[in-house]
Amino acid sequence: MSLDPDALSQLGHHMATTVPQAAALGFRFLSAGDGRGSIEAPWREDLVGDPDTGVIAGGVVTSLLDHTCGLAISAALRAHPFSTATLDLRIDYMRPAAPRAGVTAEAHCYKLTRSIAFVRAQAWDVDPDDPIATAQAAFVLNQPPAP
Amino acid sequence: MSEAAARQLEDFLQRVPYVRFLGMHAELAGDEMTAVLPFSQHLVGNVMLPALHGGVIGAFLEVTALAQLSVTQGSAKVHKTIDVTIEYLRPGRALTTYARADLRKVGRRIANVHVEAWQEAREQPIAALRGHFLLASD
């Protein structure tokens, strides 16, 4: 199965909205293609991590970065893997997000082997060139069983 | 110490909206805390297995580190995460998850924290986190 751009967008939309954790966080699919994917997490009162400032929780950014990495892997494979499992995920927090601001993430799957995907990602609130967090991750790919 | 620690922990857990979103709570024995994350459908990342979302496991480990710091540091403010490295060891199944944080070094400004999460057996951790945190001061 090789996905054309429309089918990849459909898959991206599906990944960002039907996975229970993604739906619970209100993720919005933005784009997918060329080994890259982008998803937005809107700000919400119940997702605040610091009640003194109203800044969105780091945990939301963790889920968003992890999920966007998965989308980038699908965009690189041009297929839906049976499942991916995160091996490791490193996140550097440059600065807190702006109060009451949502977060957007973009991930790039820059290397695929038969079993492993290597991905970099970043997240920002306003300006992609001024990230709040960057991430580096490795995933193991579980291919669907041959029909 | 122990009553003050319990109050600080309760305050942290109650004040942070995202903690309630996750549905986690914590138990304190002296100054040692065990964080508890009951399984819930909205935490799922893979419906076929089913398995907890990798981001949820990472978030739970991070909040555990922050909660443990709130117990020992005695500040009502939330400390800031500088960096975290999360290692995933086993799938997070549709079960209650536990975590404990080990404050490896708490300096004047920076803390280094290791956290491990498990489900049915502590000797079979599902994930671990190593992270640095910038300590808030009142």
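Modeller: This is a predicted model, in which local features need pLDDT of at least 70, side-chain atom pairs count only at pLDDT 80 or more, and totals for chains, interfaces and linings use all residues. Residues are numbered from 1 along each chain as its sequence is written, with chains lettered from A and ligands numbered from 1 in the order in which they are written.

Biologist: Between which strands of chain B does B:Arg109 lie?

Modeller: Helices (H or I, at least four residues) and strands (E, at least two) are DSSP runs, numbered from the N terminus. The loop that holds B:Arg109 lies between strand S6 (97-106) and strand S7 (110-118) of chain B.

Biologist: Is B:Arg109 buried or exposed?

Modeller: A residue is buried if 20 or more other C-beta atoms, placed from the backbone, lie within 10 Å of its own, exposed if 12 or fewer, and partly exposed in between. B:Arg109 has 10 other C-beta atoms within 10 Å, so this residue is exposed.

Biologist: Which strands stand at the edges of the sheet?

Modeller: Two strands pair if DSSP finds at least two bridges between them. The open sheet has 12 strands with antiparallel pairing, in the order S1(A)-S2(A)-S6(A)-S7(A)-S8(A)-S5(A)-S5(B)-S8(B)-S7(B)-S6(B)-S2(B)-S1(B). Each edge strand has a single partner strand, so one side of each is left without a neighbour in the sheet; these are strand S1 (28-33) of chain A and strand S1 (25-29) of chain B.
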